[in-house]
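Reader: I am new to protein models, and I would like to learn how to read one feature after another. Could we take the structure below and go through it slowly together?

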Amino acid sequence: MSEDPVTAQRLKQGLPIMVALASFLLVVGVMAALYFGREILVPVTLAILLSFVLAPFVRILRRVRVPRAPAVMLVVVIVFGALFGIGSLIASEASQLASDLPRYTLTMRDKIRDLRGATDGSSSLSRLVDMVQDLGAAISPPPAAEYKGEPGTPTHPLTVELSPARASVLDTLQTFAGPVLHPLATTGLILIFTIFILMQREDLRNRAIRLIGPGDLRRTTAAIDDATSRLSKFFLAQLALNIAFGLVIGLGLGFIGVPSPTLFGVLAAILRFVPYIGAAISALLPVILAAAVDPGWSMVISTVALFLVVEPLCGHVIEPLLYGHSTGISPVAVILSATIWTFLWGPIGLVLATPLTVCLVVLGRHVDRLWYLDVLLGDRPALAPSEIFYQRMLANDPAEAIEQGRQFLKERALVTYYDQVVQAGLLLAQEDLSRGTLVRERQEEVGTAIRAVVARLGTLPVARRARRKNSRGADTETAAALDAVGPDRQEAAIVLGREDLAPAWRGAKPVLCVSSRGPFDEAATLMLSQVLARHGLASQTLSMAAIRAGERPEEQEGIAMVCFSYLEPVSLSQVRFSVRQARAAIPGVKVLVGFWRERDPASLARLRRATSADYLVTSLSDALSAALAASRAPQPTPALAKPATQEPALALA
């Protein structure tokens with residue numbers, strides 16, 4: 001870095017532009033390498049993906065004490081033999097179909113004539129039919145025109161025949177052998193690479209660990225093993241499902257009467273590797289052929305119905321049971337990757353687009369250096385649940401946040417959602433307020449939106465069914481939030497009845513929740529009041545400003561605990577003064593102080609020494625635990641007492 005401050009400032013300002021330019025050049029260079037090196041990279045990629053599928057079978061043979069080399073050769077020979085058989089079957093069926101196509105020309109002409117008669121009143125459909133007919137006429141060879149010469153000359157044209165020069169042996173060999181040798185060479189490369197990858201699997205894994213993360217062998221090894229296992233299971237499940245899909249389609253087309261059902265069944269199994277559009281592409285040719293074969297429309301309708309029934313059944317019922325709701329990549333990334341890989345590698349790139357993108361997403365989730373791949377291509381939310389909540393508050397969209405909270409509360413308790421999502425979002429808002437980036441008008445809008453969400457969520461009924469760890473019916477954001485927050489704490493399931501409470505806690509509203517003066521403290525206090533009420537401890541809320549203005553609680557005689565809520569930084573002298581005032585106004589009351597923004601152990605230790613409250617908590621779950629412990633009636637015998645599994649709050653008395 002230059003010592004001149006002006007030069008250093010200019011370099012600092014131009015650094016983002018240089019980074020963006022370098023990133024652009026890197027992307028262009030990688031795409032150019034993929035495009036020009038496709039002759040080598042395609043076989044290598046196919047071999048790597050094939051090794052993910054074959055590795056479990058090799059491990060099975062190794063467990064029964066088959067040596068590695070024979071196990072690899074046996075699996076490879078069986079798989080490639082099956083692939084060669086499928087290729088021969090496709091070639092035979094395609095050849096037979098091509099020879100039968102001229103027989104269906106008359107039927108197609110009749111269909112077009114019927115469509116023209118049926119679309120006389122519709123100009124758009126008529127133009128579409130005319131376009132199809134013109135296209136057929138353009139494709140058909142033109143009839144030979146008669147030669148019109150001078151009178152008395154023959155009417156038939158003169159035939160001129162051009163004889164090409166005799167080709168050399170090398171040209172002849174290249175003409176006839178080239179189309180055959182190229183696929184054979186590609187297949188041979190795939191075979192060789194697959195064998196070596198399976199034979200040297202552990203050595204390749206060690207080299208990948210050395211390149212990716214030599215500083216943390218345990219973490220990198222676990223990440224690579226987990227990624228390999230996940231990819232193998234995913235590819236095997238997808239392969240099995242697509243084979244079953246092709247088998248059902250082939251049998252269904254054969255039952256309907258569509259010619260070459262085996263060919264279309266195999267194509268359906270292959271094209272279904274392309275998500276969203278693969279099944280539609282595989283249905284196009286059978287539908288057209290059914291229209292050409294059947295003089296009526298029953299075969300076309302049956303073919304369309306077959307695909308409309310089988311594909312949703314596989315995609316929305318069987319597929320989620322096998323490997324989740326999706327491939328782990330976003331729909332936009334699927335379409336984008338299919339476009340890019342098709343441009344780079346042609347039709348084989350379209351088939352490999354989803355497996356390659358899945359590999360990139362798995363690498364992004366396990367390798368820290370490639371984290372951006374998960375953000376760009378993955379289907380998981382790019383923001384944390386608390387950040388998503390705060391963003392919706394900034395966008396003044398409480399309705400969407402309420403709906404997301406409704407879905408979350410079907411699986412978790414209210415206190416868990418408030419603690420891990422809403423209160424964390426409040427802390428983000430408080431940080432922006434402390435930095436001065438949230439102006440006063442925005443403070444009021446965000447505070448109003450948060451209070452609206454909290455007020456609505458507090459009225460939702462408690463889920464009666466057992467909560468599960470993960471919900472298959474939840475959307476992506478809700479599922480990610482459930483995974484991030486984890487299970488409910490033990491106290492989330494406790495609801496006290498009146499007979500469970502100590503005598504001093506049996507008033508109408510035994511808890512008083514007092515909010516501080518910050519713009520977001522009212523929402524935090526309202527959450528605390530709702531959480532306590534859901535667990536059998538009715539409460540009332542009051543602001544510090546109202547107390548200073550002379551306002552008093554509605555049920556002051558039956559108050560057993562006063563909870564002070566502090567979201568913004570506050571001096572300890574004010575806390576001590578508030579605690580003394582509460583004890584002077586209500587003799588014998590328990591005092592709980594919630595510092596919702598404190599997480600540092602050193603700060604908590606200092607607060608423990610400085611405050612005189614009975615309980616010091618930093619989360620709503622801790623506050624709930626403290627209130628439940630303080631409100632319980634004495635147990636008759638120690639045997640009936642609840643065992644203490646966790647110290648949820650800090651007792652300071």
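Author: The accessible surface of the protein comes to about 37400 Å², and 64% of that area belongs to carbon and sulfur atoms. Please keep in mind that this is a predicted model, and that every value we discuss is computed from it.

Reader: How many residues does the protein have, and what percentage of them count as buried?

Author: The protein has 653 residues, of which 40% count as buried. Its chain forms 24 helices and 6 strands. Among the contacts in the protein with a separation of 6 or more, 75% are between residues 24 or more positions apart.

Reader: When I look at a strand, what should I expect of its side chains?

Author: The general idea is that in a regular strand the side chains alternate between the two faces of the sheet. Let us turn to strand β1, which covers residues 511–515 and has 5 of its 5 residues buried. Val511, Cys513 and Ser515 lie on one side of β1, while Leu512 and Val514 lie on the other, and both faces are covered.

Reader: Which strand is joined to β1, and in which sense do the two run, parallel or antiparallel?

Author: The partner is strand β2, residues 539–543, which runs parallel to β1 and is joined to it by 5 bridges. To find this pairing in the picture, you can look for Val514, which stands opposite Leu542 in β2.

Reader: And how is strand β4 placed, mostly buried or mostly exposed?

Author: Strand β4, residues 590–595, is mostly covered, with 5 of its 6 residues buried. On the one hand, β4 runs parallel to strand β3 (residues 561–566), to which 6 bridges join it, and Tyr566 stands opposite Phe595 in β4. On the other hand, β4 pairs in the parallel sense with strand β5 (residues 615–617) over 3 bridges, where Gly594 stands opposite Val617.

Reader: Which residues have the most contacts inside the largest nonpolar core?

Author: The largest nonpolar core has 60 residues, and those with the most contacts inside it are Phe389, Tyr417, Tyr418, Leu457 and Trp505. The largest share of this core, 10 residues, comes from helix α17, which spans residues 414–435. If we leave aside its neighbours within four places in sequence, Tyr417 is in contact with several residues, including Phe389, Phe408, Leu409 and Leu457. There is also a second, separate core of 22 residues, which includes Val258, Ala268, Ala292 and Leu306.

Reader: How many cavities of 30 Å³ or more are there, and which residues lie nearest the centre of the largest cavity?

Author: The count comes to 2 cavities of 30 Å³ or more, and about 140 Å³ of space lies in the largest cavity. The largest cavity is lined by 14 residues, and Pro385, Arg392, Gln404, Glu477 and Ala481 lie nearest its centre. Four helices, α15 (385–394), α16 (398–409), α17 and α19 (476–485), each supply at least two residues of that lining.

Reader: Why does Ser260 count as buried, and why does Asn396 count as partly exposed?

Author: A residue is buried under 20% relative accessible area and exposed over 50%, with partly exposed in between. Ser260 therefore counts as buried, because its relative accessibility is 10%, whereas Asn396 counts as partly exposed because its value is 48%.

Reader: Where is Leu526 found, and which residues does Leu526 touch beyond four places in sequence?

Author: Leu526 is found in helix α20, residues 521–534, and counts as partly exposed because its relative accessibility is 25%. Not counting residues up to four places away in sequence, Leu526 touches Arg451, Val454 and Ala455. The C-alpha atoms of Leu526 and Cys513 are separated by 8.1 Å, and these two residues are 13 residues apart along the chain.

Notes. Residues are numbered from 1 along each chain as its sequence is written. This is a predicted model: local features need pLDDT of at least 70, side-chain atom pairs count only at pLDDT 80 or more; totals for chains, interfaces and linings use all residues. Side-chain values use heavy atoms; hydrogens and water are left out. Buried means under 20% relative accessible area, exposed over 50%, partly exposed in between (1.4 Å probe, protein chains only). Two strands pair if DSSP finds at least two bridges between them. Contact means heavy atoms within 4.5 Å. Accessible areas come from the Shrake-Rupley method with a 1.4 Å probe; for residues, only the protein chains shown count as cover. A nonpolar core is a set of buried Ala, Val, Leu, Ile, Met, Phe, Trp, Tyr and Cys residues joined through side-chain atoms within 4.5 Å. On a 1 Å grid over the protein atoms alone, a cavity is a set of points where a 1.4 Å probe fits but cannot get out, and a pocket is an open set with protein on both sides within 12 Å along at least five of seven lines; lining residues have an atom within 4 Å of a point. Grid points are joined across faces, edges and corners, and a volume is the space filled by probe spheres set on the points.
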